[in-house]
Amino acid sequence: MVSQGSSPSLLEALSSDFLACKICLEQLQVPKTLPCLHTYCQACLAQLAEGGHLRCPECREVVPVPPGGVAAFKTNFFVNGLLDLVTARAGGDLRAGKPACALCPLMGGTSTGGPATARCLDCADDLCQACADGHRCTRQTHAHRVVDLVGYRAGWYDEEARERQAAQCPQHPGEALRFLCQPCSQLLCRECRLDPHLDHPCLPLAEAVQARRPGLEELLAGVDNNLAELEAARMVEKEVLARLREQAARVGMQVEEAAERVLRALLAQKQEVLGQLRAHVEAAEEAARGRLAELESQEQVARTAATFARRVLSLGREAEILSLEGAISQRLQQLQGCPWTPGPAPCVLPQLELHPGLLDKNCHLLQLSFEEEQPQKDGGKDRAGIQGDDAAQSQGEDQTKTEKQGGGVQSQSRTPKEDRAQIPREDGEAQSQRSGRSNRRRKFKGRLKSVSREPSPTPGPNLEGSGLLPKPIFSCSFPTRMPGDKWSPRITGLCPFGPQEILVADEQNKVLKRFSLNGDYKGTVQIPEGCSPCSVAALQGAVAFSAGSRLYLITADGEVLWRRALSHSQASHAVAALPSRDRVAVSVSGYVEVYNMEGSLATRFIPGGKASRGLRALVFLATSPQGNFVGSDWQQNSLVVSDGLGQVIGEYSGPGLHGCQPGSVSVDKKGYIFLTLREINKVVVLDPKGSLLGDFLTAYHGLEKPRVTTMVDGRYLAVSLSNGTIHVFRVRSSDS
């Protein structure tokens with residue numbers, strides 16, 4: 001897309017999809033321009049017309065069809081001129097695969113003409129060498145520009161050919177359009193000028209364009225200003241949404257840390273408050289997504305119209321500009337009159353308050369208040385304060401030391417670097433001050449039903465209240481649906497891919513997508529046609545993935561190194577890379593098979609052997625930095641940890657699974673295991689031997705039907721949801 005304020009080049013217009021119809025995706029045929037300045041084939045528009053109206057496929061604007069049908073829409077002479085140039089470059093009549101001379105048949109030499117070696121830009125004819133020499137020697141054509149045909153086909157003379165193009169009169173073939181009738185705003189040739197416009201004041205095209213160009217440029221400048229306002233409003237809306245998410249994450253940390261310091265009587269109320277917080281964030285995000293979608297839609301409409309107008313003014317001939325002037329002016333005026341920036345909605349940020357009667361079982365100890373954010377004069381300073389850094393986070397953690405007196409605990413509103421949950425002493429005066437502040441706030445308090453099921457069983461005595469559990473720090477969230485996708489993504493596999501990158505297996509769209517940890521789209525890894533990738537793992541300079549009943553190893557460029565047939569009795573096969581990244585493991589009918597880079601089977605085992613419990617069904621598989629295998633066993637409904645020889649190190653099937661089938665597994669650099677429980681929207685953490693430690697992510701963190709996870713660089717957990725969104729969390733270890 002052409003950037004705002006810049007003029008497109010002729011080469012860009014000829015090489016881009018500007019000359020392609022967005023309906024049939026072929027080169028435009030009989031191009032017709034709608035009032036919204038989008039151009040399509042006349043035949044394609046005829047298929048869309050229904051009931052005297054049609055809807056533009058790009059901007060969705062409803063356009064009335066003229067009484068004469070779609071043929072009465074304005075012909076796009078600008079596009080016609082570019083198409084003529086493209087057609088001429090491609091070549092006309094061929095003889096033995098070479099262009100033929102256009103003048104030889106007229107001179108009675110041959111019926112087809114000799115091989116052409118030159119082209120006259122003024123006559124638009126291909127010439128053989130003899131005709132080209134004669135063309136330069138006649139009185140009428142000695143000033144014509146005759147150029148080498150090879151260079152012309154290569155595009156060296158596009159600008160010169162474009163300057164010599166003349167729009168032809170549709171009523172008088174062979175006559176060029178030369179005048180503009182001012183009262184009728186109609187383009188005329190010399191024949192049209194005589195009748196019926198003989199008495200009308202007319203201007204040559206160059207003078208008419210010179211007179212009308214300033215008005216169009218002024219309108220275009222106005223739309224450019226609107227685009228700048230739209231872009232600024234969109235950035236503000238995104239920043240507001242980011243601040244809401246960051247503050248929600250901080251408040252969530254306050255809730256988690258406060259709940260860890262009190263008795264089990266807090267757990268029921270903890271879930272209630274987290275549900276209230278989640279409901280507020282979801283409602284605010286839904287409203288923000290609607291506003292963002294509206295702003296982006298308006299921006300796209302205005303940008304498309306401005307880009308088209310700028311192309312016409314920069315590349316169009318006089319007749320073309322004047323032909324489109326009315327439509328462009330009407331559209332730009334219409335866009336200038338639109339209410340572009342209604343202003344962002346107030347950002348209502350949640351704040352945590354701890355009730356004084358913290359140990360009173362009959363009292364709700366945790367509650368939320370919502371404050372409308374005040375505009376900041378120094379946006380950069382405020383932004384930096386919100387984001388903070390690791391040092392500030394560490395300082396905030398130090399400030400969460402518990403101080404109890406009389407069973408009362410209180411959390412006060414503090415600066416961004418101090419907004420961790422605090423439990424200071426509170427006397428009567430402090431309570432009064434707090435009450436005064438609370439009355440000045442806009443509060444929304446109420447009881448909400450718990451959004452998740454029972455909490456995971458309490459960790460062992462060595463972890464309870466000690467702060468040794470890994471903690472999540474929200475990093476970013478991004479969608480994985482790209483413009484070329486035909487279907488909504490169904491993410492079935494994730495793996496790290498290079499530094500700070502994720503490789504995403506989209507089974508629905510049959511593609512492997514690359515994203516940075518910040519959500520930037522990096523392209524795709526080519527896979528064999530027809531493959532629907534399921535599970536994926538990255539090795540040294542290669543990618544392994546399962547598709548159906550086959551295991552593939554391909555290079556980063558998509559070259560297939562080898563493929564192996566797997567068992568047909570299993571619907572999907574989990575794939576994991578070993579820590580050395582020179583071998584790949586795959587689950588096959590209860591076995592774990594390990595292949596080397598050459599495709600040879602290195603080892604094959606059942607975790608625990610063929611014990612009395614029977615075969616396993618490892619639906620998800622991961623490896624730890626220590627070389628162990630971690631799998632989700634749907635046959636035994638457990639998580640199993642085994643070494644490289646198949647000896648079971650640990651297995652968990654306790655109440656912490658809540659009766660759910662264990663889902664995707666990931667392992668961090670210290671060997672902690674992160675297990676997804678999709679049915680209850682949780683990710684729980686286990687120690688390297690498979691003992692449950694507690695919850696890591698819950699529905700409060702935005703988890704809604706989590707599907708698969710992966711660990712990047714040993715400290716970033718990426719979680720994909722069923723709607724195709726990926727959340728990224730930094731894993732804060734207990735000793736950081």
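Residues are numbered from 1 along each chain as its sequence is written. In this predicted model, local features need pLDDT of at least 70, side-chain atom pairs count only at pLDDT 80 or more, totals for chains, interfaces and linings use all residues, and side-chain values use heavy atoms, with hydrogens and water left out.

Reader: Is Arg-331 buried or exposed?

Author: Let's start with its place: Arg-331 is in helix H10, residues 318–336. Helices are DSSP runs of H or I with at least four residues, strands are E runs of at least two, and both are numbered from the N terminus. Buried means under 20% relative accessible area, exposed over 50% and partly exposed in between, using a 1.4 Å probe and protein chains only. Arg-331 has 3% relative accessibility, so the residue counts as buried.

Reader: Which side chain does the side chain of Arg-331 join in a polar contact?

Author: A polar contact is a pair of N or O atoms within 3.5 Å; within protein, one must be able to donate a hydrogen and the other to accept it, and residues adjacent in sequence count only if both atoms are side-chain atoms. Leaving out residues up to four places away in sequence, Arg-331 touches several residues (heavy atoms within 4.5 Å), among them Pro-35, Cys-36 and Val-301. The polar contact, at 2.8 Å, is with the side chain of Glu-61.

Reader: Where does H10 bend?

Author: A bend at a residue is the angle between axes fitted to the seven residues ending there and the seven starting there. In H10 that angle is about 50 degrees, and the place is Glu-325.

Reader: What is the phi of Ser-185?

Author: Ser-185 is in the loop between E11 and E12, and is partly exposed at a relative accessible area of 47%. The residue is not a glycine, yet its phi is positive, near 50 degrees.

Reader: Where is Ser-589 found?

Author: Ser-589 also is not a glycine and has a positive phi of about 50 degrees. At 27% relative accessibility, Ser-589 counts as partly exposed. Its place is the loop between strands E26 (583–588) and E27 (591–596).
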